[in-house]
Amino acid sequence: MCGIVGYTGGASAGPILLEGLKRLEYRGYDSAGIAVQESGVIHASKASGHLQHLCEKTHDGADLPGLCGIGHTRWATHGAPTETNAHPHVSDDGKFAVVHNGIIENYAQLREELTQRGFVFHSETDTEVVVHLLDYYYKGDLKAAVMKTVARLDGSFALGVVCADHPGELIAVKSASPLILGLGVGENFFASDVTALVSHTRNVIYLEDGEFASLTSEGITVFDCAGREVSKSISRVVWDVEAAEKGGYEHFMLKEIMEQPRALKATIEPRVREGEIVLDGVELTRQQLQGIRRVVITACGSAYHAGCVGSYIMEELCRIPVEAEVASELRYRNPLIGEDTLVIVISQSGETADTIAALRECKARGARTLAIVNVVGSTVAKLADDVLYTWAGPEIAVATTKGYTTQVAVLSLLSVYMARELGRIDEDRYRALVNGICSLPERCQRAIDLNTHVQYLAKRYHNNSSLFFIGRNLDYAACLEASLKLKEISYIHSEAYAAGELKHGTIALIDEGRLVISLCCYEALFDKLVSNVKEVKARGAKVLAVAQEGNRRIFAEADDVLFAPHMDPLLIPVTEIVPLQLFAYYVAKENGCDIDKPKNLAKSVTVE
Ligand code: M6R
């Protein structure tokens, strides 16, 4: 979704802002703009479409002189992706320019009020009310105008502001939308995520909701909503700039698929010490765990799919009820969640609006909350009682890969840990599962080594316009993710189906040549799955099976087979998804799709 950058220092701001916006392109956008302040004047330039249009229009930023400015990539919500609706929005007297992420929920009411006061609106955006409010409240005191403006806004917003009367000063405001401050030497920055900062600095300050900051080249001062100065600690980002670049791969998605063994190792290794699972960041005592009657896992998209996998593993091992539910449903459902419920919230970005809302709702109902998050300092990480980070490094491709597999790895660690604390598994089972989890990085590499065969199958099947993924138990949970991967980057319609459910209606869609991808790694149900494979084959379907290495029986049933490395049945989803991520990638490539930036999608869905 929208991206924000800000710069103040001794260098020309224009090129630095454009470079920052380039690093935020992956979030998804449809127009862009920058505003640079120089000797009491604000110069702004905007363009719809690709960022390259803005670069060409401004000669890579050189046309906008000045050492301090703000930039924005917009993912249209209120109004079409036109140049007029693009940010920054500039006040009519030219004094203020504003960039905004999020949604101002009471904008219609504010727009009416401001119109009555004589302000003229030029765009359809909710953001424009902010610039007029600043104009209205500004009487020479910038901080006071910002506070009065912010007090009028409902909704989620991160704002970047420059004022022509305050050379070299940037204002950054955070309320339920991500914004991070970067500390340089003789220069300071802000951005909606660290990938736009790491080429300049790794020293960052995470703003809390309700806080705002004044940045100059000399320093940063943070205030609370009442205008009192707040002392903030400086955090060090562990990601380096290479981690956020393609490193020779054609797409970030392929790079991130290939990085999975390393990401899994970084996520698992520090948590297994001398054969024992150690969960730093989780303060749940054994007694508290024993008091938990039910676990609810909530998240969106692929993170929800990871939660579905986790629900099978955790319920099987811990013998307590575990349900996964999409956050956008849970938040509006008056759910039966209380003090005896453990709520596990999963999010790569930690900034997904529905996930944050569901987390808040569950906390308000007294649940113990545990977050599985990739981005340090994100909103989900800050809100939850306990946090388990996935150490996947920055994930840039919109289609998550290493984010998902590391989430499943953490859920596996947590499930085995809880099962042992609750006395539900014996020592032998515990050791076998811990060893299995520790082998995931190497097994994942073996799955990646199927690359060439997957490319061949993608060439063979990329022309299908609609297909099915079927499986049972954990294979079914993996189908959900495999199907989403394919449709989001290749735009091919696919459905994930619990194999046993096919004949209750959907089998009507199986016809001559229809591709059915059958996940049959969960060997306890292999025979059942084979019956479903026979059903679809009898109706003319082509079957591509994903089976565990060494399973010879599958050759008699399927037209093509992909083998996933042999694993403990409960750990299969991490390795069986890898060839299917590659399959989605190569199908999309065959079909000439924009793999890293699929149409209509944003990396982090920060609005409802
Ligand atoms: O950042 P999150 O994990 O909270 O994001 C949730 C979903 O938006 C995300 O998993 C989405 O479904 C993926 N981009 C799909 O690949």
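## Ligand site and cavities

A polar side-chain atom of S349 sits 2.6 Å from an oxygen atom of the ligand. This is a predicted model: local features need pLDDT of at least 70, side-chain atom pairs count only at pLDDT 80 or more, and totals for chains, interfaces and linings use all residues. Numbering runs from 1 along each chain as its sequence is written, and side-chain values use heavy atoms, without hydrogens and water.

| Protein atom | Ligand atom | Distance |
|---|---|---|
| S349, polar side-chain atom | oxygen | 2.6 Å |
| V398, polar backbone atom | nitrogen | 2.6 Å |
| E488, polar side-chain atom | oxygen | 2.5 Å |

On its own, the ligand has 410 Å² of accessible area (Shrake-Rupley method, 1.4 Å probe), and the protein covers 91% of that 410 Å². In total, 14 residues surround the ligand, each with a heavy atom within 4 Å of it. Among the closest are S347, Q348 and T352.

On a 1 Å grid over the protein atoms alone, a cavity is a set of points where a 1.4 Å probe fits but cannot get out; lining residues have an atom within 4 Å of a point. Four cavities reach 30 Å³ or more. The largest cavity holds about 270 Å³. Its lining has 26 residues, and S192, D193, S349, E351 and V375 are the closest to its centre. Eleven lining residues are nonpolar, eight polar and seven charged, with Gly counted as polar.

Methods: On a 1 Å grid over the protein atoms alone, a cavity is a set of points where a 1.4 Å probe fits but cannot get out, and a pocket is an open set with protein on both sides within 12 Å along at least five of seven lines; lining residues have an atom within 4 Å of a point. Grid points are joined across faces, edges and corners, and a volume is the space filled by probe spheres set on the points. A polar contact is a pair of N or O atoms within 3.5 Å; within protein, one must be able to donate a hydrogen and the other to accept it, and residues adjacent in sequence count only if both atoms are side-chain atoms.
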